[in-house]
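This report describes a two-chain structure, taking the fold of one chain, the contact between the chains and part of the partner chain in turn. The sequence and structure come before the description.

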Amino acid sequence: MIDSLLKKLGKGSSHRKNKDSDEGIFALTSAYITLQTKLGLSSTNRCGICIKNVNGAYFSDTIREVQEFLRISSSEFRTEHVLVNDKLGYLWIMLRGMSVEDILVASNGIADTIAERGFRDQMLAAVFEFKKIVSPNSHMESTRLEPQFLVYNYKRKRFYPFVPLGTQEKRRSDLELTLMSIISKEVPWEADMTVWYPMWDMPFDRLRI
Amino acid sequence: MSRAWQRRDTGLTLRMITSFMILTVLYLVFLGVLVYLGVGFIPVTVVALVLIISQWYFSDKIVLWSSGAKVVTREQYPELHGLVERIIARNNLPKPKIAVINSKVPNAFATGKSKRSSVVAVTTGLMDILNSEELEGVIGHELSHIMNRDVLVITLASLFSTVAWYMMQFGFFGGLYGGGMGGYGGGRDRGGGGGAILIMLAVAAITWLVSFLVIRAISRYREFAADRGSAQMTGKPVQLANALMKISGTMQRVPNQDLRKVEGLNAFFIIPVNSGRQTIANLFSTHPPVQMRVQKLLEMEASMA
(Lines give C-alpha, C1' and ligand atoms only; values in the text may rest on other atoms or scores of the structure.)
Protein backbone atom coordinates (compact mmCIF):
# COMPACT_ATOMS: atom_id res chain seq x y z
CA MET A 1 0.00 0.00 0.00
CA ILE A 2 2.84 2.35 0.91
CA ASP A 3 4.47 1.48 -2.39
CA SER A 4 1.43 2.50 -4.39
CA LEU A 5 1.10 5.67 -2.36
CA LEU A 6 4.71 6.57 -3.04
CA LYS A 7 4.12 5.82 -6.68
CA LYS A 8 1.18 8.18 -6.77
CA LEU A 9 3.10 10.91 -4.98
CA GLY A 10 5.99 10.40 -7.34
CA LYS A 11 3.70 10.92 -10.30
CA GLY A 12 3.15 14.46 -9.12
CA SER A 13 6.78 15.39 -9.40
CA SER A 14 9.43 13.37 -11.16
CA HIS A 15 7.11 11.16 -13.18
CA ARG A 16 5.39 14.16 -14.61
CA LYS A 17 8.44 14.71 -16.76
CA ASN A 18 8.21 11.16 -18.04
CA LYS A 19 8.57 11.59 -21.76
CA ASP A 20 6.07 8.87 -22.57
CA SER A 21 3.28 10.40 -20.54
CA ASP A 22 0.29 11.71 -22.44
CA GLU A 23 -1.51 13.21 -19.50
CA GLY A 24 -1.58 16.56 -21.31
CA ILE A 25 -4.31 15.14 -23.49
CA PHE A 26 -6.66 15.19 -20.48
CA ALA A 27 -6.60 18.99 -20.54
CA LEU A 28 -9.34 18.54 -23.11
CA THR A 29 -11.78 17.62 -20.35
CA SER A 30 -12.01 21.28 -19.37
CA ALA A 31 -11.11 22.85 -22.71
CA TYR A 32 -14.13 21.39 -24.49
CA ILE A 33 -16.40 23.28 -22.12
CA THR A 34 -14.60 26.51 -23.03
CA LEU A 35 -15.12 25.75 -26.72
CA GLN A 36 -18.78 25.19 -26.10
CA THR A 37 -19.41 28.34 -24.08
CA LYS A 38 -17.20 30.70 -26.08
CA LEU A 39 -17.55 29.43 -29.63
CA GLY A 40 -20.70 27.35 -29.51
CA LEU A 41 -18.56 24.47 -30.69
CA SER A 42 -19.56 21.11 -29.25
CA SER A 43 -17.66 17.89 -29.09
CA THR A 44 -19.27 15.22 -31.22
CA ASN A 45 -17.65 12.79 -28.79
CA ARG A 46 -16.01 11.09 -31.71
CA CYS A 47 -12.28 10.66 -32.08
CA GLY A 48 -9.86 8.80 -34.27
CA ILE A 49 -6.56 7.37 -33.14
CA CYS A 50 -4.12 7.05 -35.99
CA ILE A 51 -1.46 4.35 -35.72
CA LYS A 52 1.18 3.39 -38.24
CA ASN A 53 0.60 -0.18 -39.31
CA VAL A 54 3.30 -2.75 -38.70
CA ASN A 55 3.49 -6.11 -40.47
CA GLY A 56 3.86 -8.95 -38.04
CA ALA A 57 2.07 -11.15 -35.60
CA TYR A 58 3.15 -9.26 -32.53
CA PHE A 59 1.54 -6.03 -33.71
CA SER A 60 -1.60 -7.90 -34.75
CA ASP A 61 -1.71 -9.40 -31.25
CA THR A 62 -1.41 -5.93 -29.79
CA ILE A 63 -4.32 -4.65 -31.83
CA ARG A 64 -6.38 -7.69 -30.84
CA GLU A 65 -5.58 -6.85 -27.24
CA VAL A 66 -6.71 -3.28 -27.83
CA GLN A 67 -9.98 -4.53 -29.32
CA GLU A 68 -10.45 -6.84 -26.37
CA PHE A 69 -9.86 -3.92 -24.01
CA LEU A 70 -12.40 -1.82 -25.89
CA ARG A 71 -14.94 -4.65 -25.96
CA ILE A 72 -14.64 -5.27 -22.23
CA SER A 73 -14.65 -1.60 -21.30
CA SER A 74 -17.33 -0.49 -23.74
CA SER A 75 -20.03 -0.81 -21.14
CA GLU A 76 -18.01 1.08 -18.55
CA PHE A 77 -16.88 3.92 -20.82
CA ARG A 78 -20.00 3.79 -22.99
CA THR A 79 -17.94 3.76 -26.16
CA GLU A 80 -18.18 2.01 -29.46
CA HIS A 81 -15.36 1.59 -31.92
CA VAL A 82 -14.49 0.74 -35.52
CA LEU A 83 -11.10 -0.24 -36.96
CA VAL A 84 -10.25 1.21 -40.37
CA ASN A 85 -7.16 0.71 -42.52
CA ASP A 86 -6.57 3.76 -44.70
CA LYS A 87 -4.84 4.07 -48.06
CA LEU A 88 -1.69 5.54 -46.53
CA GLY A 89 -0.89 2.47 -44.46
CA TYR A 90 -2.34 3.67 -41.19
CA LEU A 91 -4.71 1.97 -38.82
CA TRP A 92 -7.45 4.12 -37.38
CA ILE A 93 -9.23 3.21 -34.20
CA MET A 94 -12.39 5.27 -34.42
CA LEU A 95 -14.13 5.86 -31.11
CA ARG A 96 -17.50 7.24 -30.26
CA GLY A 97 -18.69 7.82 -26.72
CA MET A 98 -21.28 9.61 -24.65
CA SER A 99 -18.86 12.28 -23.41
CA VAL A 100 -15.42 13.71 -23.96
CA GLU A 101 -14.27 12.02 -20.75
CA ASP A 102 -15.35 8.64 -22.11
CA ILE A 103 -13.35 8.90 -25.31
CA LEU A 104 -10.34 10.34 -23.49
CA VAL A 105 -10.26 7.48 -20.99
CA ALA A 106 -10.73 4.95 -23.76
CA SER A 107 -8.04 6.51 -25.96
CA ASN A 108 -5.69 6.59 -23.01
CA GLY A 109 -6.30 2.90 -22.41
CA ILE A 110 -5.52 2.23 -26.06
CA ALA A 111 -2.34 4.25 -25.92
CA ASP A 112 -1.21 2.50 -22.74
CA THR A 113 -1.84 -0.94 -24.19
CA ILE A 114 0.08 -0.11 -27.35
CA ALA A 115 2.92 1.50 -25.43
CA GLU A 116 3.24 -1.51 -23.10
CA ARG A 117 3.79 -3.71 -26.14
CA GLY A 118 6.56 -1.38 -27.30
CA PHE A 119 4.71 0.24 -30.19
CA ARG A 120 4.46 3.72 -28.77
CA ASP A 121 6.45 5.19 -31.65
CA GLN A 122 3.80 3.94 -34.04
CA MET A 123 1.20 6.21 -32.45
CA LEU A 124 0.79 9.22 -34.69
CA ALA A 125 -2.17 11.28 -33.56
CA ALA A 126 -5.51 11.36 -31.80
CA VAL A 127 -8.04 13.54 -33.59
CA PHE A 128 -11.06 14.98 -31.80
CA GLU A 129 -14.09 16.21 -33.68
CA PHE A 130 -16.19 19.30 -32.93
CA LYS A 131 -19.18 20.86 -34.62
CA LYS A 132 -20.96 24.15 -34.34
CA ILE A 133 -24.24 24.13 -32.52
CA VAL A 134 -26.79 25.64 -34.87
CA SER A 135 -30.23 26.75 -33.91
CA PRO A 136 -32.82 25.00 -36.10
CA ASN A 137 -34.15 28.35 -37.36
CA SER A 138 -30.99 29.65 -38.96
CA HIS A 139 -30.47 28.75 -42.60
CA MET A 140 -27.35 30.71 -43.38
CA GLU A 141 -25.12 28.77 -41.06
CA SER A 142 -25.04 25.59 -43.12
CA THR A 143 -21.35 25.92 -43.96
CA ARG A 144 -20.57 26.15 -40.28
CA LEU A 145 -21.70 22.56 -39.90
CA GLU A 146 -18.36 21.46 -41.27
CA PRO A 147 -16.42 19.59 -38.61
CA GLN A 148 -13.49 21.23 -36.84
CA PHE A 149 -10.74 19.10 -35.40
CA LEU A 150 -8.18 19.23 -32.66
CA VAL A 151 -5.23 17.02 -33.46
CA TYR A 152 -3.10 15.66 -30.64
CA ASN A 153 0.31 14.72 -31.95
CA TYR A 154 1.66 11.83 -29.86
CA LYS A 155 5.26 12.63 -30.72
CA ARG A 156 5.14 16.28 -29.76
CA LYS A 157 2.42 15.81 -27.12
CA ARG A 158 0.64 18.94 -28.21
CA PHE A 159 -2.63 19.93 -29.77
CA TYR A 160 -3.18 21.93 -32.93
CA PRO A 161 -6.30 22.88 -34.91
CA PHE A 162 -7.34 21.49 -38.24
CA VAL A 163 -10.43 22.80 -40.04
CA PRO A 164 -10.76 21.43 -43.55
CA LEU A 165 -12.66 23.45 -46.13
CA GLY A 166 -14.93 21.13 -48.05
CA THR A 167 -13.19 18.26 -49.76
CA GLN A 168 -10.60 20.15 -51.82
CA GLU A 169 -7.71 19.82 -49.38
CA LYS A 170 -7.92 23.42 -48.25
CA ARG A 171 -8.09 24.79 -44.75
CA ARG A 172 -10.14 27.40 -42.93
CA SER A 173 -7.23 29.21 -41.34
CA ASP A 174 -9.47 31.83 -39.77
CA LEU A 175 -11.39 29.16 -37.87
CA GLU A 176 -8.13 27.46 -36.91
CA LEU A 177 -6.85 30.75 -35.49
CA THR A 178 -10.10 31.26 -33.65
CA LEU A 179 -9.71 27.83 -32.04
CA MET A 180 -6.19 28.77 -31.09
CA SER A 181 -7.30 32.06 -29.58
CA ILE A 182 -9.74 30.28 -27.31
CA ILE A 183 -7.92 27.24 -26.00
CA SER A 184 -4.20 27.58 -26.62
CA LYS A 185 -3.67 28.40 -22.97
CA GLU A 186 -5.80 25.55 -21.70
CA VAL A 187 -4.21 22.60 -23.43
CA PRO A 188 -0.60 21.79 -24.34
CA TRP A 189 -0.49 23.85 -27.51
CA GLU A 190 1.61 23.49 -30.64
CA ALA A 191 2.98 27.00 -31.10
CA ASP A 192 4.97 26.04 -34.18
CA MET A 193 2.51 26.37 -37.03
CA THR A 194 4.87 24.72 -39.46
CA VAL A 195 3.95 21.36 -37.96
CA TRP A 196 0.20 21.86 -38.05
CA TYR A 197 -0.03 19.02 -40.53
CA PRO A 198 -3.51 18.35 -41.84
CA MET A 199 -5.06 14.89 -42.06
CA TRP A 200 -7.28 14.70 -45.08
CA ASP A 201 -10.04 12.17 -45.53
CA MET A 202 -10.27 10.86 -42.01
CA PRO A 203 -12.64 7.90 -41.67
CA PHE A 204 -15.09 9.60 -39.31
CA ASP A 205 -17.95 8.60 -41.59
CA ARG A 206 -17.42 5.02 -40.49
CA LEU A 207 -18.89 5.93 -37.12
CA ARG A 208 -22.46 6.79 -36.34
CA ILE A 209 -22.99 10.47 -35.63
CA MET B 1 4.55 60.44 -43.30
CA SER B 2 3.81 56.93 -44.32
CA ARG B 3 1.97 54.28 -42.52
CA ALA B 4 3.53 51.45 -44.44
CA TRP B 5 1.78 48.45 -43.21
CA GLN B 6 4.14 45.73 -42.48
CA ARG B 7 7.72 45.16 -41.78
CA ARG B 8 8.69 42.56 -44.34
CA ASP B 9 7.87 44.70 -47.35
CA THR B 10 11.01 46.70 -47.62
CA GLY B 11 10.53 48.11 -51.13
CA LEU B 12 7.66 50.48 -50.53
CA THR B 13 8.78 51.45 -47.05
CA LEU B 14 12.31 52.13 -48.25
CA ARG B 15 11.10 54.32 -51.07
CA MET B 16 9.07 56.48 -48.74
CA ILE B 17 11.65 56.58 -45.98
CA THR B 18 14.29 57.60 -48.51
CA SER B 19 12.10 60.38 -49.83
CA PHE B 20 11.53 61.76 -46.38
CA MET B 21 15.13 61.31 -45.39
CA ILE B 22 16.32 63.28 -48.39
CA LEU B 23 13.86 66.03 -47.47
CA THR B 24 14.99 66.04 -43.85
CA VAL B 25 18.65 66.17 -44.82
CA LEU B 26 17.85 69.07 -47.16
CA TYR B 27 16.17 70.95 -44.32
CA LEU B 28 19.04 70.30 -41.98
CA VAL B 29 21.62 71.45 -44.50
CA PHE B 30 19.54 74.51 -45.25
CA LEU B 31 19.13 75.33 -41.56
CA GLY B 32 22.79 74.65 -40.96
CA VAL B 33 23.70 77.11 -43.69
CA LEU B 34 21.39 79.72 -42.16
CA VAL B 35 22.99 79.21 -38.77
CA TYR B 36 26.43 79.32 -40.32
CA LEU B 37 25.59 82.58 -42.05
CA GLY B 38 24.87 84.01 -38.63
CA VAL B 39 21.09 84.24 -38.88
CA GLY B 40 19.71 84.55 -35.36
CA PHE B 41 18.04 81.87 -33.28
CA ILE B 42 14.47 83.12 -33.71
CA PRO B 43 14.44 83.54 -37.53
CA VAL B 44 16.01 80.09 -37.94
CA THR B 45 13.41 78.57 -35.63
CA VAL B 46 10.65 80.19 -37.68
CA VAL B 47 12.11 78.86 -40.92
CA ALA B 48 12.45 75.38 -39.41
CA LEU B 49 8.85 75.42 -38.24
CA VAL B 50 7.62 76.59 -41.63
CA LEU B 51 9.54 73.77 -43.31
CA ILE B 52 8.20 71.13 -40.95
CA ILE B 53 4.64 72.39 -41.18
CA SER B 54 4.80 72.43 -44.95
CA GLN B 55 6.20 68.93 -44.95
CA TRP B 56 3.23 67.91 -42.85
CA TYR B 57 0.88 69.88 -45.07
CA PHE B 58 2.10 68.22 -48.23
CA SER B 59 2.77 64.85 -46.62
CA ASP B 60 -0.10 63.07 -48.37
CA LYS B 61 0.99 64.35 -51.77
CA ILE B 62 4.59 63.35 -51.08
CA VAL B 63 3.53 59.91 -49.88
CA LEU B 64 1.26 59.27 -52.86
CA TRP B 65 3.91 60.48 -55.23
CA SER B 66 6.76 58.50 -53.71
CA SER B 67 4.75 55.29 -53.42
CA GLY B 68 3.25 55.50 -56.89
CA ALA B 69 -0.30 55.30 -55.51
CA LYS B 70 -3.15 56.43 -57.77
CA VAL B 71 -6.42 57.66 -56.32
CA VAL B 72 -9.18 55.52 -57.81
CA THR B 73 -12.87 56.18 -58.34
CA ARG B 74 -15.87 54.11 -57.40
CA GLU B 75 -16.25 53.05 -61.05
CA GLN B 76 -12.70 51.75 -61.24
CA TYR B 77 -12.80 49.72 -58.03
CA PRO B 78 -16.44 49.25 -56.99
CA GLU B 79 -15.74 46.37 -54.59
CA LEU B 80 -12.96 48.18 -52.76
CA HIS B 81 -15.07 51.31 -52.45
CA GLY B 82 -18.02 49.23 -51.26
CA LEU B 83 -15.91 47.54 -48.63
CA VAL B 84 -14.57 50.83 -47.27
CA GLU B 85 -18.05 52.31 -47.30
CA ARG B 86 -19.40 49.42 -45.25
CA ILE B 87 -16.82 49.96 -42.52
CA ILE B 88 -17.19 53.74 -42.36
CA ALA B 89 -20.99 53.47 -42.34
CA ARG B 90 -20.91 51.06 -39.41
CA ASN B 91 -18.52 53.26 -37.46
CA ASN B 92 -19.77 56.66 -38.53
CA LEU B 93 -16.49 57.83 -40.05
CA PRO B 94 -15.81 60.24 -42.93
CA LYS B 95 -14.92 58.52 -46.16
CA PRO B 96 -11.25 58.71 -47.12
CA LYS B 97 -9.94 58.84 -50.66
CA ILE B 98 -8.97 55.41 -51.90
CA ALA B 99 -5.76 54.78 -53.80
CA VAL B 100 -4.32 51.69 -55.43
CA ILE B 101 -0.67 50.86 -55.96
CA ASN B 102 0.14 48.56 -58.80
CA SER B 103 2.48 46.19 -56.98
CA LYS B 104 2.54 42.48 -56.29
CA VAL B 105 3.84 43.05 -52.77
CA PRO B 106 0.88 42.97 -50.38
CA ASN B 107 0.80 46.23 -48.48
CA ALA B 108 -1.40 49.12 -47.39
CA PHE B 109 -1.01 52.50 -45.80
CA ALA B 110 -2.98 55.53 -44.77
CA THR B 111 -1.95 59.14 -44.95
CA GLY B 112 -3.49 62.56 -44.62
CA LYS B 113 -3.46 65.63 -42.45
CA SER B 114 -6.96 65.41 -41.13
CA LYS B 115 -9.72 62.88 -40.80
CA ARG B 116 -11.50 64.38 -43.79
CA SER B 117 -8.67 64.68 -46.27
CA SER B 118 -7.07 61.30 -45.73
CA VAL B 119 -6.11 58.61 -48.20
CA VAL B 120 -6.09 54.86 -47.74
CA ALA B 121 -3.89 53.06 -50.23
CA VAL B 122 -3.67 49.34 -50.92
CA THR B 123 -1.55 47.40 -53.38
CA THR B 124 -3.05 45.16 -56.04
CA GLY B 125 -1.05 42.33 -54.44
CA LEU B 126 -2.91 42.83 -51.17
CA MET B 127 -6.27 42.54 -52.89
CA ASP B 128 -5.07 39.40 -54.65
CA ILE B 129 -4.15 37.43 -51.56
CA LEU B 130 -6.79 38.55 -49.05
CA ASN B 131 -10.46 37.70 -49.01
CA SER B 132 -12.91 40.49 -48.31
CA GLU B 133 -13.13 39.88 -44.55
CA GLU B 134 -9.35 40.00 -44.21
CA LEU B 135 -9.15 43.10 -46.39
CA GLU B 136 -11.75 44.69 -44.12
CA GLY B 137 -9.43 44.03 -41.16
CA VAL B 138 -6.52 45.69 -42.94
CA ILE B 139 -8.56 48.71 -43.99
CA GLY B 140 -9.91 49.00 -40.45
CA HIS B 141 -6.29 49.13 -39.28
CA GLU B 142 -5.50 51.95 -41.71
CA LEU B 143 -8.67 53.85 -40.82
CA SER B 144 -7.65 53.59 -37.18
CA HIS B 145 -4.34 55.24 -38.03
CA ILE B 146 -6.34 58.11 -39.48
CA MET B 147 -8.71 58.23 -36.49
CA ASN B 148 -5.78 58.15 -34.07
CA ARG B 149 -4.12 61.02 -35.98
CA ASP B 150 -0.98 58.96 -36.25
CA VAL B 151 0.41 61.01 -39.12
CA LEU B 152 0.34 64.07 -36.90
CA VAL B 153 1.77 62.17 -33.93
CA ILE B 154 4.70 60.84 -35.90
CA THR B 155 5.29 64.23 -37.56
CA LEU B 156 5.35 65.88 -34.14
CA ALA B 157 7.72 63.23 -32.82
CA SER B 158 10.01 63.82 -35.78
CA LEU B 159 9.74 67.53 -35.17
CA PHE B 160 11.29 67.12 -31.74
CA SER B 161 14.14 65.16 -33.23
CA THR B 162 14.67 67.83 -35.87
CA VAL B 163 14.52 70.61 -33.33
CA ALA B 164 16.93 68.75 -31.07
CA TRP B 165 19.31 68.37 -33.95
CA TYR B 166 19.02 72.00 -34.90
CA MET B 167 19.61 73.16 -31.33
CA MET B 168 22.68 70.96 -31.20
CA GLN B 169 24.01 72.73 -34.25
CA PHE B 170 23.11 76.12 -32.94
CA GLY B 171 24.73 75.33 -29.61
CA PHE B 172 27.69 73.93 -31.47
CA PHE B 173 28.46 77.12 -33.34
CA GLY B 174 27.59 79.25 -30.33
CA GLY B 175 29.78 77.13 -28.11
CA LEU B 176 32.64 77.18 -30.59
CA TYR B 177 32.73 80.94 -30.85
CA GLY B 178 32.19 81.31 -27.13
CA GLY B 179 35.05 78.93 -26.44
CA GLY B 180 37.27 80.75 -28.93
CA MET B 181 36.78 83.99 -27.06
CA GLY B 182 37.76 82.33 -23.83
CA GLY B 183 41.06 82.31 -22.07
CA TYR B 184 42.98 80.05 -24.43
CA GLY B 185 45.95 81.33 -26.37
CA GLY B 186 46.20 81.28 -30.19
CA GLY B 187 47.72 77.86 -30.89
CA ARG B 188 45.61 75.95 -28.41
CA ASP B 189 42.43 77.64 -29.53
CA ARG B 190 42.08 75.41 -32.57
CA GLY B 191 42.78 72.29 -30.59
CA GLY B 192 40.06 73.14 -28.09
CA GLY B 193 37.65 73.88 -30.93
CA GLY B 194 38.43 70.54 -32.57
CA GLY B 195 37.62 68.74 -29.32
CA ALA B 196 34.38 70.67 -29.05
CA ILE B 197 33.45 69.71 -32.60
CA LEU B 198 34.01 66.05 -31.83
CA ILE B 199 31.98 66.21 -28.63
CA MET B 200 29.21 68.14 -30.35
CA LEU B 201 29.12 65.68 -33.23
CA ALA B 202 28.94 62.80 -30.78
CA VAL B 203 26.14 64.44 -28.79
CA ALA B 204 24.28 65.28 -31.99
CA ALA B 205 24.62 61.73 -33.20
CA ILE B 206 23.36 60.36 -29.89
CA THR B 207 20.44 62.81 -29.88
CA TRP B 208 19.50 61.79 -33.34
CA LEU B 209 19.81 58.07 -32.59
CA VAL B 210 17.76 58.31 -29.42
CA SER B 211 15.00 60.31 -31.08
CA PHE B 212 15.08 57.88 -34.00
CA LEU B 213 14.57 54.96 -31.62
CA VAL B 214 11.87 56.80 -29.71
CA ILE B 215 9.99 57.50 -32.94
CA ARG B 216 10.24 53.81 -33.83
CA ALA B 217 8.92 52.87 -30.39
CA ILE B 218 5.99 55.28 -30.66
CA SER B 219 5.30 53.98 -34.11
CA ARG B 220 5.27 50.37 -32.91
CA TYR B 221 2.89 51.27 -30.15
CA ARG B 222 0.59 52.99 -32.64
CA GLU B 223 0.53 49.80 -34.69
CA PHE B 224 -0.88 47.90 -31.74
CA ALA B 225 -3.36 50.71 -31.20
CA ALA B 226 -4.44 50.55 -34.85
CA ASP B 227 -4.84 46.76 -34.63
CA ARG B 228 -7.06 47.25 -31.61
CA GLY B 229 -9.04 49.93 -33.46
CA SER B 230 -9.52 47.63 -36.43
CA ALA B 231 -10.74 44.87 -34.11
CA GLN B 232 -13.31 47.24 -32.66
CA MET B 233 -14.43 48.46 -36.08
CA THR B 234 -14.88 45.04 -37.65
CA GLY B 235 -15.54 42.94 -34.54
CA LYS B 236 -13.38 40.23 -36.10
CA PRO B 237 -9.80 40.51 -34.90
CA VAL B 238 -9.11 37.00 -36.14
CA GLN B 239 -9.56 38.19 -39.73
CA LEU B 240 -6.86 40.84 -39.33
CA ALA B 241 -4.65 38.22 -37.66
CA ASN B 242 -5.28 35.97 -40.63
CA ALA B 243 -4.44 38.80 -43.03
CA LEU B 244 -1.24 39.64 -41.15
CA MET B 245 -0.16 36.04 -41.34
CA LYS B 246 -0.85 35.88 -45.05
CA ILE B 247 0.97 39.15 -45.74
CA SER B 248 3.98 38.19 -43.67
CA GLY B 249 4.23 34.77 -45.25
CA THR B 250 3.57 33.00 -41.94
CA MET B 251 0.42 31.48 -43.32
CA GLN B 252 2.30 29.93 -46.19
CA ARG B 253 4.33 28.04 -43.61
CA VAL B 254 1.25 26.24 -42.30
CA PRO B 255 1.59 22.96 -44.15
CA ASN B 256 -0.90 21.42 -46.50
CA GLN B 257 0.79 18.07 -46.65
CA ASP B 258 -0.78 15.21 -44.74
CA LEU B 259 0.67 14.30 -41.35
CA ARG B 260 0.79 10.66 -42.39
CA LYS B 261 2.99 11.48 -45.36
CA VAL B 262 5.59 13.43 -43.39
CA GLU B 263 5.68 11.09 -40.41
CA GLY B 264 9.07 9.66 -41.38
CA LEU B 265 10.69 13.00 -42.13
CA ASN B 266 11.97 13.86 -38.66
CA ALA B 267 9.38 16.57 -38.69
CA PHE B 268 8.67 16.22 -35.03
CA PHE B 269 11.82 17.04 -33.22
CA ILE B 270 11.14 19.91 -30.94
CA ILE B 271 13.28 22.79 -32.07
CA PRO B 272 13.86 25.45 -29.43
CA VAL B 273 12.22 28.66 -30.45
CA ASN B 274 14.84 31.11 -31.60
CA SER B 275 14.02 34.17 -29.57
CA GLY B 276 17.19 36.17 -29.11
CA ARG B 277 17.84 36.97 -32.69
CA GLN B 278 15.08 39.41 -33.43
CA THR B 279 15.50 41.90 -30.62
CA ILE B 280 18.06 44.21 -32.24
CA ALA B 281 16.09 44.34 -35.45
CA ASN B 282 12.99 45.11 -33.38
CA LEU B 283 14.56 48.29 -32.01
CA PHE B 284 14.86 49.72 -35.49
CA SER B 285 11.56 48.48 -36.73
CA THR B 286 8.49 50.67 -37.01
CA HIS B 287 6.25 47.63 -36.77
CA PRO B 288 6.16 45.08 -33.97
CA PRO B 289 6.80 41.49 -34.99
CA VAL B 290 3.81 39.96 -36.73
CA GLN B 291 3.72 37.13 -34.23
CA MET B 292 3.22 39.54 -31.36
CA ARG B 293 0.47 41.39 -33.21
CA VAL B 294 -1.28 38.15 -34.13
CA GLN B 295 -1.08 37.04 -30.52
CA LYS B 296 -2.65 40.27 -29.28
CA LEU B 297 -5.37 40.06 -31.92
CA LEU B 298 -6.16 36.50 -30.90
CA GLU B 299 -6.38 37.60 -27.28
CA MET B 300 -8.92 40.20 -28.39
CA GLU B 301 -10.78 37.53 -30.33
CA ALA B 302 -10.86 35.34 -27.23
CA SER B 303 -12.17 38.17 -25.08
CA MET B 304 -14.87 38.99 -27.63
CA ALA B 305 -16.04 35.36 -27.87
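## Terms and model

Axes are lines fitted to C-alpha atoms, for helices over the stretch in contact, and angles run from 0 to 180 degrees between N-to-C directions. Helices (H or I, at least four residues) and strands (E, at least two) are DSSP runs, numbered from the N terminus. Two residues are in contact if their C-beta atoms, placed from the backbone, lie within 7 Å.

The model is predicted: local features need pLDDT of at least 70, side-chain atom pairs count only at pLDDT 80 or more, and totals for chains, interfaces and linings use all residues. Residues are numbered from 1 along each chain as its sequence is written, while chains are lettered from A and ligands numbered from 1 in the order in which they are written.

## Chain B: overall and sheet

Chain B contains 12 helices and four strands. Of its 305 residues, 30% are buried (20 or more other C-beta atoms within 10 Å of the residue's own, with C-beta atoms placed from the backbone). Among contacts in chain B with a separation of 6 or more, 74% are between residues 24 or more positions apart.

The four strands of chain B make an open sheet with mixed pairing, in the order 1-2-4-3; strands pair if DSSP finds at least two bridges between them. Strand 1 (70–71) and strand 3 (108–111) of chain B are at the edges with a single partner strand each, so one side of each has no neighbour in the sheet. Strand 2 (residues 97–101) and strand 4 (residues 119–123) of chain B run parallel and are joined by five bridges. B:Ala99 is opposite B:Ala121 of strand 4 of chain B. Helix 6 (residues 132–147) of chain B lies across strand 3 and strand 4 of chain B, at about 25° to strand 3.

## Chain B: helices 9 and 12

Helix 9 and helix 12 of chain B pack with their axes 8 Å apart, at an angle of about 165°. This makes helix 9 of chain B roughly antiparallel to helix 12 of chain B (angles over 145 degrees count as such). Residues in this contact include B:Leu240 and B:Leu244 of helix 9 and B:Val294 and B:Leu297 of helix 12. By class, the contact has 11 nonpolar, one polar and two charged residues; Ala, Val, Leu, Ile, Met, Phe, Trp, Tyr, Cys and Pro count as nonpolar, Asp, Glu, Lys and Arg as charged, and the others, Gly among them, as polar.

## Contact between the chains

Chain B gives 25 residues to the contact and chain A gives 26. On the side of chain B that touches chain A, helix 9 (237–248), helix 10 (259–262) and helix 12 (290–304) each supply at least two residues. That side of chain B has 13 nonpolar, five polar and seven charged residues.

Helix 5 (residues 173–183) of chain A packs against helix 9 of chain B at about 115°, with the axes 9 Å apart. A:Ser173, A:Asp174, A:Leu177, A:Thr178 and A:Ser181 of helix 5 of chain A meet B:Val238, B:Gln239, B:Ala241 and B:Asn242 of helix 9 of chain B. These residues divide into three nonpolar, five polar and one charged.

## Chain A: strand 4

Eight of the 10 residues of strand 4 (residues 123–132) of chain A are buried. Strand 1 (residues 41–52) of chain A pairs antiparallel with strand 4 of chain A over eight bridges, and A:Cys47 has A:Phe128 of strand 4 as its bridge partner. Strand 5 (residues 148–153) of chain A also runs antiparallel to strand 4 of chain A, joined by six bridges. A:Phe130 stands opposite A:Gln148 in strand 5 of chain A.

Methods: A residue is buried if 20 or more other C-beta atoms lie within 10 Å of its own, exposed if 12 or fewer, and partly exposed in between; C-beta atoms are placed from the backbone. Angles under 35 degrees count as roughly parallel, over 145 as roughly antiparallel, 65 to 115 as roughly perpendicular and the rest as oblique.
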